[in-house]
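Work through the exercises below with the model open. Each task is followed by its solution.

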Amino acid sequence: MSSVQSNLYASVAHSGPHNAHTNTPYTHTHTHGALGRTPVLEEVSLRYRDSSWFKNSISELKFGQEGGLNLLHTSAHSHFTLRGPSAGDPTSRRRIEPWEFEMFYDPRDLRKEACLLYEIKWGTSHKIWRNSSKNTTKHVELNFIEKFTSERRFCSSISCSIMWFLSWSPCWECSKAIREFLSQRPGVTLVIYVARLYWHMDEQNRQGLRDLINCGVTIQIMRPSEHDHCWRNFVNYPPGKEAHWPRYPSLLMNLYALELHCIILSLPSCLIISRRCQKQLTMFRLTLQSCHYQRIPPHILLCTGLVQLPVTWR
């Protein structure tokens, strides 16, 4: 087996006026190893000016001299007052505005603030209780636990299903608090969907997510179906716009899903996020090592659209 370059890196650059909460800038280095898999592209760059969906956008596609792909996306925010889905909707007061959903759940926008949309279902009842929460002096996960324990007297004989839609994955401290919360309530099951991974290169945060999974918590990256669900059930969308939820790039969802898989398997990070403060650019870089090719199922690598496995001729 011949030695091939083992690093495939994809850069996704997002620029905008928002605050950034990113990982420590990383300097990319090349390594070599016998992998038997050759990447299709060495680099893919996507540059986003603004993620607003309210107005028509202009996209310009450019091919670099070395095969790089640059997508320049520009659009302008529209400021107007939106009404809820219907005047008689009892959940209207618990819904967030469209601009808030776009701001919190866009995987390209690495802002400091966090948001939690959640659903609670008790026993065999088909009724679902929904609400939203934002971080205060405490993280949203801790706010939920305090609210849940203070407002409801938990009966161990009744099962409870909780589903979270988080703009950031839990930090290690919140992961510990969640485990303690669940350990005291064996009848509670928790499913967590996240839009982004919070400081995912920090080993304590990575271990915290693994500990949650080991204690029975399901953690997944939000996909279009989850964004659609949240838009319809948690957002004060304009009348007749129930299907007009923001369409976010599937590439970033796939990259985050790949990194989450690395966390679960205790592999080194493959997604590097850095911030260029002067140009307000956030760079997402995919760097694969031999251990990633060896332990991550091929279909997960292929779903990024950046890796092509070789065909062996006999």
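**Exercise 1.** Is Trp199 buried, partly exposed or exposed, judged by relative accessibility?

*Solution.* The model is a predicted one. Start with location: Trp199 sits in the loop that links β10 (188–194) and α4 (203–214). Next, take its relative accessibility, which is 28%. Buried means under 20%, and exposed means over 50%. Trp199 therefore counts as partly exposed. Now check the backbone. Trp199 has a phi near 40 degrees, a positive value in a residue other than glycine.

**Exercise 2.** Describe how α2 and α3 pack, and name the residues that make the contact.

*Solution.* Two packed helices are described by the angle between their axes and the distance between the axes. For α2 (residues 140–151) and α3 (residues 172–183), the angle is about 25 degrees and the axes are 9 Å apart. Angles under 35 degrees count as roughly parallel. Therefore α2 and α3 are roughly parallel to each other. Their crossing is left-handed. From α2, the contact uses Glu141, Leu142, Ile145, Phe148 and Thr149. From α3, Cys174, Ala177, Ile178 and Phe181 take part. Sorted by class, the contact of α2 with α3 has seven nonpolar residues, one polar and one charged.

Definitions and conventions
Residues are numbered from 1 along each chain as its sequence is written. This is a predicted model: local features need pLDDT of at least 70, side-chain atom pairs count only at pLDDT 80 or more; totals for chains, interfaces and linings use all residues. Side-chain values use heavy atoms; hydrogens and water are left out. Axes are lines fitted to C-alpha atoms, for helices over the stretch in contact, and angles run from 0 to 180 degrees between N-to-C directions. Helices (H or I, at least four residues) and strands (E, at least two) are DSSP runs, numbered from the N terminus. Angles under 35 degrees count as roughly parallel, over 145 as roughly antiparallel, 65 to 115 as roughly perpendicular and the rest as oblique. A crossing is left-handed if the near helix is turned anticlockwise from the far one by less than a right angle, and right-handed if clockwise. Contact means heavy atoms within 4.5 Å. Ala, Val, Leu, Ile, Met, Phe, Trp, Tyr, Cys and Pro count as nonpolar, Asp, Glu, Lys and Arg as charged, and the others, Gly among them, as polar. Buried means under 20% relative accessible area, exposed over 50%, partly exposed in between (1.4 Å probe, protein chains only).
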